[in-house]
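My entries follow the order in which I looked.

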Amino acid sequence: QDREPQKSLFTDLFGIFQQQLGRLAMSGGQIDSVMQEDRQFPPSAEFQAQASIGSLAAYEKLYDESIQNPEKFWGDFAEKELHWFKPYDKVLDWQPPFAQWFVGGQTNISYNCLDKHLTTWRKNKAAIIWEGEPGEQRTITYSQLHREVCKFASALKGLGLNKGDVATIYMPMVPELAIAMLACARIGVVHSVVFGGFSAEAIADRNNDAKAKVVITADGGWRRGKLLPLKETVDVALDKSPTVEHCVVLKRAGNNPPMKSWRDRWWHDLVETASADCPAEPLDSEHPLFILYTSGSTGKPKGIRHTTAGYNLYVKKTFEWVFDHRDEDVYWCTADCGWVTGHSYIVYGPLAAGATTVMYEGAPNWPQEDRFWDIIERHRVTILYTAPTAIRAFIKWGDHHVDKHDLSSLRLLGSVGEGINPEAWMWYYNKIGGGRCPIVDTWWQTETGGIMMSPLPGAIATKPGSCTKPMPGIVPAILDENLHEVGKNQGGMLCISQPWPGMLRGLWGDDDRYVQQYWTKVPGKYLTGDNSRQDSDGYYWIMGRIDDVINVSGHRLSTIEVESALVSHPNVAEAAAVGRPDELKGQSVVVFVTLKSGEANDALKQAMKQHVRKEIGALAVPDDIRFTNSLPKTRSGKIMRRLLRDIAAGKESVQDTSTLEDYTVLAKIRGDEE
Ligand code: ATP
Ligand code: MG
């Protein structure tokens with residue numbers, strides 16, 4: 001029974017039969033879950049005893065309060081934990097799908113991240129510990145950071161920037177990137193951070209979309225030992241960015257880019273004469289804080305608009321809850337500030353909470369594949385927050401890089417960006433966490449501003465591959481295609497039923513698209529674009545993107561489940577599953593895999609098919625397995641299945657590839673086939 005069925009009249013007929021049966025059974029369009037994952041990891045008694053939310057009952061109490069009276073719940077925190085120049089009149093004004101939080105109030109996130117700490121002992125606490133790729137180190141206290149931010153904010157004012165103007169920030173991961181963000185926020189300038197690896201084209205698009213008035217950049221930055229000439233790239237972009245009047249350039253790499261005297265100014269010249277006295281501007285709660293473009297995994301990136309007070313409160317509270325933050329922590333999020341993770345959990349959340357946040361400029365494999373473990377050992381990092389794509393790379397690079405280092409300072413691990421395959425989760429838990437650190441698998445989006453679902457590590461037992469439970473205030477719903485709520489263990493579209501303080505307020509300059517994209521298919525609920533199921537313990541499992549569902553003989557399969565089955569094969573490093581049109585079955589499963597060991601040959605393909613059959617059943621067995629050296633990913637490290645779908649179908653692609661990390665990957669995968 002374990003053998004691959006031969007193509008025969010029987011299997012053909014059987015396929016048709018299954019397809020018809022499937023159509024009948026699946027008329028609601030739920031997703032079939034085929035994955036079996038029963039392992040559970042409760043927090044240790046020691047971890048629980050020290051945690052601020054240290055029991056399931058404590059989480060449930062908090063959650064219940066947040067649902068019974070959301071306005072009181074968020075209002076109490078806002079009053080106590082944010083500074084108000086002017087008190088708000090109303091916690092929430094909800095005119096679906098437009099929400100306003102803390103209406104009528106005035107605050108400032110730069111004030112809440114900096115000034116608020118200066119009257120406490122945290123004044124001289126390390127706010128940022130930075131390490132450059134070549135090895136430089138800087139520690140910046142809250143008091144120092146405040147001064148730097150004030151000076152740069154004064155400098156921006158000196159250039160004529162006003163409240164409501166837009167600044168594009170295109171910088172390497174250096175402290176001045178955070179300083180630039182906080183300086184903009186301080187004077188009400190809206191920032192739009194563009195990842196420092198994007199092309200001139202992408203910068204120009206974003207400049208024009210937002211009508212940016214200034215671009216803040218650096219001469220260069222370091223990545224894998226190479227100098228990235230950022231200013232040169234900006235110069236090309238500025239030829240096509242008519243709204244940009246100024247360009248501010250930080251000297252980081254010393255590579256002397258050409259400077260145009262009528263437009264370009266050195267950062268150090270500007271701050272030299274700028275006043276350190278720059279009080280935070282009182283800003284309306286709903287004043288726009290930033291624009292940020294999504295990763296472009298499922299299509300052209302969307303320019304998400306976030307505002308001041310609600311976002312501030314939401315990232316502060318979720319940071320404290322999810323990372324169980326304590327003042328003695330050294331917290332390191334390895335994301336780039338070009339993504340929402342960097343905005344919310346390198347800069348705004350940690351600083352609002354008075355944490356010490358580590359920033360690293362470069363690549364994880366420079367000069368060696370152990371750079372992360374070296375950083376953790378030397379800085380005594382206690383909390384590590386990274387992405388599945390990095391974890392899969394570490395596994396591929398080998399345990400010996402980890403074994404060289406003392407990781408005993410770690411007490412908590414986090415994951416974000418994609419679903420984490422259970423076997424990668426187990427490696428992270430055992431190898432990096434030494435079996436003692438809980439893993440918080442955090443599900444959220446650029447749109448949601450902050451974490452939406454995650455274990456609270458002292459309260460909720462974890463399961464590999466599950467983001468477990470919603471944050472306080474978050475009300476998920478899972479619906480089938482007919483908009484009915486599905487039952488336990490059935491997958492469907494993940495929606496959010498109630499507004500929350502960190503939610504996007506719209507797409508930049510395009511309310512229609514905002515309504516269309518998120519609020520139309522399912523009236524009255526926020527449509528996330530992801531599928532999910534809830535298990536019998538009430539845990540949530542993200543099942544991949546709605547667009548990526550694979551429909552085999554009427555059974556709708558989740559990409560992540562098929563991929564996780566492959567990743568649990570000892571030779572597989574990474575897998576991407578897509579559907580290919582199939583006359584008989586509707587779609588068949590095609591997987592692209594990268595290997596960590598073994599020979600890429602037919603015997604291995606057969607072994608993998610057997611493995612999938614054993615793990616999740618015959619239905620999910622790929623028709624086609626293709627070996628490749630790398631998968632197409634976004635710049636933020638997410639697998640771009642939509643591009644693989646075209647390749648699997650043998651189609652020329654006409655899709656948006658502006659956020660693709662490596663253009664040669666597609667050509668190589670196509671080439672492999674010939
Ligand atoms: P685009 O919206 O342009 O297609 P994107 O959705 O990848 O790009 P982001 O906002 O950066 O842009 O990513 C959010 C998405 O990442 C989520 O919708 C989800 O699909 C995925 N994701 C993030 N964290 C997790 C997680 N912990 N588990 C599963 N999926 C996750
Ligand atoms: Mg998205």
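The entries below go from the whole chain to single residues.

**Conventions.** I am working with a predicted model, in which local features need pLDDT of at least 70, side-chain atom pairs count only at pLDDT 80 or more, and totals for chains, interfaces and linings use all residues. I number residues from 1 along each chain as its sequence is written, and side-chain values use heavy atoms, with hydrogens and water left out.

**Overall form.** I looked up the radius of gyration, taken over C-alpha atoms, against the globule rule of 2.2 Å times the number of residues to the power 0.38. For 674 residues a compact globule would come near 26 Å, and the protein agrees with 25 Å. The C-alpha trace spans about 80 × 55 × 50 Å along its principal axes. I find 21 helices and 31 strands (DSSP runs, H or I of at least four residues and E of at least two, numbered from the N terminus). Buried residues make up 62% of the 674; buried means under 20% relative accessible area, exposed over 50%, partly exposed in between, with a 1.4 Å probe and protein chains only.

I checked Asp-441 in strand E21 (residues 439–442). Asp-441 is buried at 6% relative accessible area. Its contacts (heavy atoms within 4.5 Å) include Ser-415, Met-453 and Cys-467, leaving aside residues up to four places away in sequence.

Thr-446 sits in the loop between E21 and strand E22 (476–479) and is buried at 11%.

**Salt bridges.** I counted 46, each a side-chain nitrogen of Lys or Arg within 4 Å of a carboxyl oxygen of Asp or Glu. Lys-316 pairs with Glu-81, the closest N and O atoms being 2.5 Å apart. Lys-316 lies in helix H11 (residues 309–322) and Glu-81 in helix H4 (residues 70–81), so the pair ties together parts 235 residues apart in sequence. Lys-316 is buried at 9%, and Glu-81 is buried at 16%.

I then took Asp-370 and Lys-404, whose closest N and O atoms are 3.7 Å apart. This pair links distant parts of the chain, 34 residues apart. Asp-370 is buried at 11%, whereas Lys-404 is exposed at 53%.

Technical notes:
Chains are lettered from A and ligands numbered from 1 in the order in which they are written.
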